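Here is a short briefing on one structure.

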Amino acid sequence: MKTNVMSINKGELDKNVLKKAGKILKEGGLVAFPTETVYGLGANALDVDAVENIYKAKGRPSDNPLIVHIAKFKDLMPLVEDIPEKAVILMEKFWPGPLTIIFKKSALVPEIISGGLDTVAIRMPSHPIALALIEEANTPIAAPSANTSGKPSPTLAKHVIADLKGKVEMIIDGGDTGFGLESTVVDVSGENPMILRPGAITAEDLEELFGDVDLDPALKYGENIEKPISPGQKYKHYSPKAEVMIFESESLEVLAAGINEKYDQLVEAGKKVGIMSTEETKEFYENRFNLVVGNREEPLTIAANLFKKLREFDDLKVDVILAEVLDDEGINLATMNRLRKSAAGVITKL
Ligand code: TXA
Ligand code: MG
């Protein structure tokens, strides 16, 4: 299939490109587009064949349900059985924005969207290109992250091109996505809201509104035994080709010394090794190959760069990536969730 790559400036939306993309979606095709979190791979959520093609293009397991994206509040009602009070509070505060809410699904939502569950995940993105495209298509849009299943999610159009060129009708290049990790997924069916996937809207943000907020026990650090509620959380995920090893210590000096020791062992064994450093630790890795992922004092910089750096290491043909643990506060909970998954949960304590 020929993939049409077209650029749009998010400050000055090109109606012609949006019209073309909207027409592809209406006719059952696939369009990758930027959101404020990561790039999404969109299809008409009500068209079963189109949605099937999303799973094919990504190589995604069919029991992993998709998020349905809407552009207007009135588009929600037809998709859901009811709108719980907590969901109203969340939507008023965070929509449009990087928050996905789980609802009881209506009969309109095809089985294939919900992977056999009786619920549906819905979000209203805030990115101007995403919103304009959904409006142009005039239908709810199913959109997983626009990567090959298992790979780090795309934050630049070139990542989408690397994974999906030849498999989708159109890729809209709208530049860098911004936040850089996927939306927070929250279930409001219980007494307290429960975070199923941490993201840009933090546990602390939700606690401000509701007091108590639960975290899916399967997400808690070191507790990999539980079966996650959100199916997407159970797969090894976000993984570059390189093996990822994560290290933890109370002290940055000890952390860096341990990473350097491992680095030297691996190099000795003939591996190409890369360290994912931070502004605060890079000086410890002088003379060893490292890429700075961001600044520990500004956790958003690390969130925005994590997937980019994992892909950059792959482009540089690194065999093993050595990465540092952050804490689990605020945005770091989401960053560490993705990083841990890229290493299949294994962390070395120093
Ligand atoms: O930021 C985002 O959410 C991006 C952009 C493109 O909007 N999309 C995204 O979609 O990350 P995807 O398919 O890569 O991740 C969807 C997550 C998966 O972990 C999936 O299991 C979960 O949402 N999910 C979807 N429907 C669900 C449901 N009914 N119940 C529980 N979890 C659900
Ligand atoms: Mg994904």
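Helices (H or I, at least four residues) and strands (E, at least two) are DSSP runs, numbered from the N terminus. This is a predicted model: local features need pLDDT of at least 70, side-chain atom pairs count only at pLDDT 80 or more, and totals for chains, interfaces and linings use all residues. Residues are numbered from 1 along each chain as its sequence is written, chains are lettered from A and ligands numbered from 1 in the order in which they are written, and side-chain values use heavy atoms, with hydrogens and water left out.

**Backbone**

- Lys317 sits in the loop between H9 and strand S15 (320–324). Its phi is near 60°, a positive value in a residue other than glycine.
- Lys317 is exposed, at 63% relative accessible area. Buried means under 20% relative accessible area, exposed over 50%, and partly exposed in between (1.4 Å probe, protein chains only).
- Asn138 also has phi near 60°, positive in a non-glycine residue. Its loop runs between helix H5 (128–137) and strand S7 (141–142). Asn138 is exposed, with 65% relative accessibility.
- The peptide bond between Trp95 and Pro96 is cis, with omega about -10°. Pro96 lies in the loop between H3 and S5.

**Aromatic pairs**

- The whole structure holds 2 aromatic pairs. Rings of Phe, Tyr and Trp (its six-membered ring) pair if their centres lie within 6.5 Å; planes under 30 degrees apart count as stacked, over 60 as edge-to-face and the rest as tilted.
- Phe73 and Trp95 make a tilted pair, 6.3 Å centre to centre with 40° between the planes. Phe73 is in the loop between strand S4 (67–69) and helix H3 (85–94), and Trp95 in the loop between H3 and strand S5 (99–104), so the pair ties together parts 22 residues apart in sequence.
- Phe73 is partly exposed at 43%. Trp95 is buried at 5%.
- Phe289 and Phe313 have ring centres 6.1 Å apart and planes at 85°, so this pair is edge-to-face. It links distant parts of the chain, 24 residues apart: Phe289 in the loop between strand S13 (273–278) and strand S14 (290–294), Phe313 in helix H9 (residues 299–315).
- Phe289 is partly exposed at 31%. Phe313 is buried at 0%.

- Asp212 is in the loop between helix H7 (203–210) and strand S11 (214–215). Asp212 is exposed, with a relative accessible area of 53%.
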